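Hi there,

Here is the structure I promised to pass on to you. My notes on what turned up in it follow below.

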Amino acid sequence: MASMTRSSSAIAFVIAVIVVLASVLYRFKLPYLTSLSPHFVLYSSSSKTFGRYMKHASSFRCPQHTYTTEIISLDPLLIYIDSFLAPVEIEALLEAGESEFAPSQVYKRGRNQDTSDRTSSSAGLPRDNPTVQCVLERAEGFLGTMLDPSRDDIGPPQLVRYTAGQRFNRHRDWYERPQPVRKGMLGRGKGWNRIASFFAILQDQCTGGETWFPLINATIPLDADGKGDRLWKTHENGGLMFRPVSGNALFWVNLFANGTGDDRTIHAGLPVEEGLKTAMNIWPRKFYD
Ligand SMILES: *[C@@H]1O[C@H](CO)[C@@H](O)[C@H](O)[C@H]1NC(C)=O
Ligand SMILES: *[C@@H]1O[C@H](CO)[C@@H](O)[C@H](O)[C@H]1NC(C)=O
């Protein structure tokens with residue numbers, strides 16, 4: 001009798017130790033587990049995100065990419081990426097951002113503000129969403145050695161949506177002056193800027209809504225290229241314009257090697273005439289001293 005009581009209290013003690021250890025590990029962001037699986041680094045930062053990760057973890061696989069690429073312009077560098085996003089990824093990204101859409105802002109005179117230059121709506125995407133994570137990893141892979149992993153990053157991703165009549169007048173994605181480094185980013189230099197841009201189309205059920213680069217030309221005459229009619233063409237006022245095609249993306253480099261912005265990357269989202277265009281922006285950030 002006495003030995004049974006002893007063994008059950010021993011079992012209770014062991015269970016209590018396990019529970020305490022588990023909650024300590026959990027409280028301190030599972031440092032032990034993070035060393036086993038890189039996924040835990042991203043999904044263990046709070047109980048809420050952890051729960052979400054666990055929900056997705058069983059079903060989600062980040063697939064090997066299947067995109068193909070074509071250089072449109074070498075200087076400035078502009079690359080067309082065919083099938084950057086898979087249909088299931090588009091669905092998941094839309095679901096992740098849908099409730100967050102609010103009028104888009106632009107950065108002017110040192111702050112973000114509403115403007116008639118940009119009439120779309122934008123939605124930040126949660127970094128802990130497995131599909132968002134997967135697409136950002138793909139973008140990072142595409143960037144190769146452009147980012148220094150010890151200080152640069154892929155930046156906060158967002159969706160942008162244009163409905164009939166909405167547009168984004170000519171603009172550049174880079175900042176005139178590097179943005180100040182905020183608390184929590186210390187040790188990474190004094191300022192950052194958007195070294196490049198990915199613009200990936202999620203929904204293309206629209207007329208109009210082309211992305212127009214007035215100062216970028218193709219090297220070859222476009223009419224000689226069968227693709228010309230389908231995906232891009234020359235604009236009557238110069239430069240190239242790209243029809244929104246779901247899953248496809250444009251990639252271009254915003255900054256020169258010395259960190260100065262390249263004015264030739266100026267571009268516009270031409271007005272959507274009818275329907276809806278939704279895209280994802282990825283703006284990798286380069287940090288400078
Ligand atoms: C593209 O062509 C236009 C008109 O000829 C020219 O002004 C512009 O500088 C060219 N862009 C580049 C990047 O060469
Ligand atoms: C940076 O490089 C570009 C391209 O070579 C050049 O036009 C620009 O003047 C340079 N800027 C500075 C601040 O040196």
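S83 sits in the loop between β2 and α5. (Helices, H or I of at least four residues, and strands, E of at least two, are DSSP runs numbered from the N terminus.) Before going on, a word on conventions: this is a predicted model, in which local features need pLDDT of at least 70 and side-chain atom pairs count only at pLDDT 80 or more, while totals for chains, interfaces and linings use all residues. Residues are numbered from 1 along each chain as its sequence is written, chains are lettered from A and ligands numbered from 1 in the order in which they are written, and side-chain values use heavy atoms, with hydrogens and water left out.

Back to S83: its phi is near 60°, a positive value in a residue other than glycine. Most residues other than glycine have a negative phi, and most peptide bonds are trans. At 33% relative accessibility, S83 counts as partly exposed, a class that lies between buried (under 20% relative accessible area) and exposed (over 50%), with a 1.4 Å probe and protein chains only.

P76 belongs to the loop between β1 (68-73) and β2.

**The two ligands**

Accessible areas come from the Shrake-Rupley method with a 1.4 Å probe; for residues, only the protein chains shown count as cover.

Around ligand 2 you will find F256, N258 and T260. A polar side-chain atom of N258 lies 2.3 Å from an oxygen atom of ligand 2, while one of T260 lies 3.1 Å from a nitrogen atom. Here the protein covers 32% of the 360 Å² that ligand 2 has on its own.

What does D173 touch, despite its place in a loop? The loop in question runs between β8 (168-171) and β9 (179-180), and the residues touched are R194, S197, W252, N254, H267 and W283, not counting residues up to four places away in sequence; contact means heavy atoms within 4.5 Å. D173 is buried, with a relative accessible area of 5%. Its side chain makes polar contacts with the side chains of H267 (3.2 Å) and W283 (3.1 Å).

Q203, in strand β11, is also buried, at 16% relative accessible area. Its side chain is joined by polar contacts to those of T278, at 2.6 Å, and R161, at 3.0 Å.

**Cores and overall figures**

The largest nonpolar core has 33 residues, and those with the most contacts inside it are I81, F84, F198, F251, M280 and I282. (Such a core is a set of buried Ala, Val, Leu, Ile, Met, Phe, Trp, Tyr and Cys residues joined through side-chain atoms within 4.5 Å.) Its largest share, 6 residues, comes from α6. A second, separate core of 21 residues includes V160, Y162, F168 and I201.

Overall, the protein has 7 helices and 19 strands, and 47% of its 289 residues count as buried. Its accessible surface comes to about 16,000 Å², of which 56% belongs to carbon and sulfur atoms.

Best wishes

Methods. A residue is near a molecule or strand if one of its heavy atoms lies within 4 Å of it. A polar contact is a pair of N or O atoms within 3.5 Å; within protein, one must be able to donate a hydrogen and the other to accept it, and residues adjacent in sequence count only if both atoms are side-chain atoms.
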